[in-house]
Amino acid sequence: MNIHEFQAKSLLRQFGVAVPQGEVANTPQAAAAVAEALARGGASGFVVKAQIHAGGRGKGGGVKLASSAAEVPRIAAEILGMTLVTPQTGPGGRLVRRVLVEAATPIDRELYLALTLDRGSEGFAIIASTEGGMDIEEVAARTPQAIHTQLVDPNLGLRPYQSRKLARALQLGAEQSQQFAALLGGLYRLFVERDASLIEINPLVLSGNGANAALLALDAKLGFDDNALFRQPQIAALRDAEEEDPRERRARESGLAYVGLDGNVGCMVNGAGLAMATLDMITACGGSPANFLDAGGTADRERVKQAFKLILQDEQVRAILINIFGGIVRCDLIAEGVTAAAAELGVGVPLVVRLQGAEARRGREILDRAGLPGLRSAETLRQAAELAVAAARGS
Amino acid sequence: MAILANAQTRLLVQGLGRMGQLHARLSAEYGGQVVGGVHPGRGGQTLAGLPVFETAAEAAAATGANASVIFVPPPGAADAILEAADAGLALVVCITEGVPAADMARVKRALRGGGTRLVGPNCPGVVTPGQCRIGIMPAQITRPGPVGVVSRSGTLTYEAVDQLSRLGIGQSTCLGIGGDPIIGTSFVEALALFQADPETRAVVMIGEIGGAAEEQAAQFVREHMTKPVAAFIAGAGAPPGKRMGHAGAIIAGGRGRAADKIAALRAAGAAISPTPAEIGATLAAHAGFPSPPS
């Protein structure tokens, strides 16, 4: 789960990590009030930043500077309500509902710092680079020597020497190295105590010269482990449902995993691997899948109905393929769910059903007895995909 | 022989909720030795026909168990794994879906160097056909034979096993390693076990997008495997940045693509099934099993 920059910075503050002064606003008037308060605190320049769950906001015109507090409401009015298109939003862009208004920070150096769960070492990794303010994947491709990775054993935690190594790699002086150790300690505590999967500070800036220079998180991207939200109510409450695809949100709320694609064969499958393989099979048969849908390990009548609703909301769908390999899921219960949902929702497209595994025979009998119009049974995965692709073509 | 589980496996079930009880019964009906359950607060009772204990240590001492299967919900799953290891069980299979990744990172470190092998979490379990069923697989689709099956997926494993059985090709052991980013037993470890098992003559490996486990497996196949390997990688058409159900199945930062995994495995000498419908046939052709009359 991802959160907004203003939420991320609020969390950083809670964990003692310095961030620029600022507040979120959802109207130009509110933005003006934030700027005026900042000006009273001594700020002379301002930044107005669109709050959406996608990077590259600056490139799309979603981050603008104001040289006076008086300019802020006009700039906020430009950004609020705009549909911001960035390399990460897709061509449709995202509607901007809020802006973060901050005091501008003088920048002497831009660094990069990230904490992440590392699959390779099966632990945590801290990634630091002197090349801040740029896309880290570009840095990794162009100057890999500028990226320093420190693995952390989750059972030992962050050790002082690891902070010192990273401070050296970032070419920080003695004073800033101490600041850095405190900052990294705060980030690590946030990562562990809030079950983050990613904390990315890009850029981490050094503002000012000499002993007075301060380290600040100028931007922050935080992601959290969905599997840990059950024990992180504070984090779960930060979810912004408006940033999610509405169909994916409804699916999540019904306990289904759904990803919209651009084809015309709707799919309902149990298990993520088989669901992916079903999409592969449809493609191999010359068709094009409309979605990925994993009905999960506890698919019952109600979930099957929700799954149907989701699939049918996609107007592109010309046929539906249901592929269930029973194990933990029982095919007879799926078959009951299919017949009930089809009767209730009036499925107007051809339906190809393939049931295998636990209680498959009973499931097929239930479907046969129901005698649904437009329903065809398949024995194998290939048969099922071929039938569904043909049905979607109208043949 | 097979790997991990056989007729000598004495299984505990940790977490006797509805799922745990159902699959404890199915595993016992399959003919394996299911010897007891662990469910804090229910010690002394009998559930699913099993004597229930408060702790894994008591259960292991009383029953002589050497393996356990975990159905404990996510908040307690990591603790249940550590408890099973502490009780000295050689094999722990965690079925639970939704275990926090940080919990698994800590558990994996804690298990290092110890005598416990973990399979999972978020996996369908282990079946050695005709001998032992651990987890939730529909064991009726398996049949004893010479092919090892290892997979990151659950139901796609069943699909592959079903194809093999329909071709008359039996399995030595079927193993689902789980779809999470951090898991107990990797492809490489599973392949090493199959390579060392005299009853396994060939291996089917089913991977999917995300991570680098298939690439590591390819390197192992190239350097250490003398037995034929057939592979399928799910998710060739998946769009980048979208998580395809499994926590681990995501193409991120240009890594984890199916095409790269397929190329690595092919270069290592594995036969690649072009579609998920031909996994059994690909193995049969590659390993030289006679094709059945069609």
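Is Glu359(A) buried, partly exposed or exposed? Glu359(A) is partly exposed, with a relative accessible area of 35%; buried means under 20%, exposed over 50%, and partly exposed in between, for a 1.4 Å probe and protein chains only.

This is a predicted model, in which local features need pLDDT of at least 70 and side-chain atom pairs count only at pLDDT 80 or more, while totals for chains, interfaces and linings use all residues. Residues are numbered from 1 along each chain as its sequence is written, chains are lettered from A and ligands numbered from 1 in the order in which they are written, and side-chain values use heavy atoms, without hydrogens and water.

**Salt bridges**

A salt bridge is a side-chain nitrogen of Lys or Arg within 4 Å of a carboxyl oxygen of Asp or Glu. By this rule there are 38 salt bridges over all chains. Four of them are listed below.

| Pair | N to O distance |
|---|---|
| Asp314(A) and Arg247(A) | 3.6 Å |
| Arg362(A) and Glu359(A) | 3.1 Å |
| Arg166(B) and Asp162(B) | 2.9 Å |
| Asp153(A) and Arg109(B) | 3.8 Å |

Asp314(A) lies in the loop between helix H10 (301-313) and strand S16 (319-326) of chain A, and Arg247(A) in helix H8 (residues 246-253), so the pair ties together parts that are 67 residues apart in sequence. Helices (H or I, at least four residues) and strands (E, at least two) are DSSP runs, numbered from the N terminus. Asp314(A) is buried at 9% relative accessibility, whereas Arg247(A) is partly exposed at 22%.

Arg166(B) and Asp162(B) both belong to helix H5 of chain B and stand four residues apart, about one turn of the helix. Arg166(B) is partly exposed at 45%, but Asp162(B) is buried at 8%.

**The interface**

Contact, defined as heavy atoms within 4.5 Å, links 54 residues of chain B with 45 residues of chain A. The area buried between the chains is about 3,900 Å², of which carbon and sulfur atoms give 59%; buried area is the accessible area (1.4 Å probe) that two parts lose on being put together, summed over both. In chain B, Arg106(B), Arg109(B) and Met244(B) lose the most area to chain A, together 16% of what that side buries. Eight salt bridges cross this interface.
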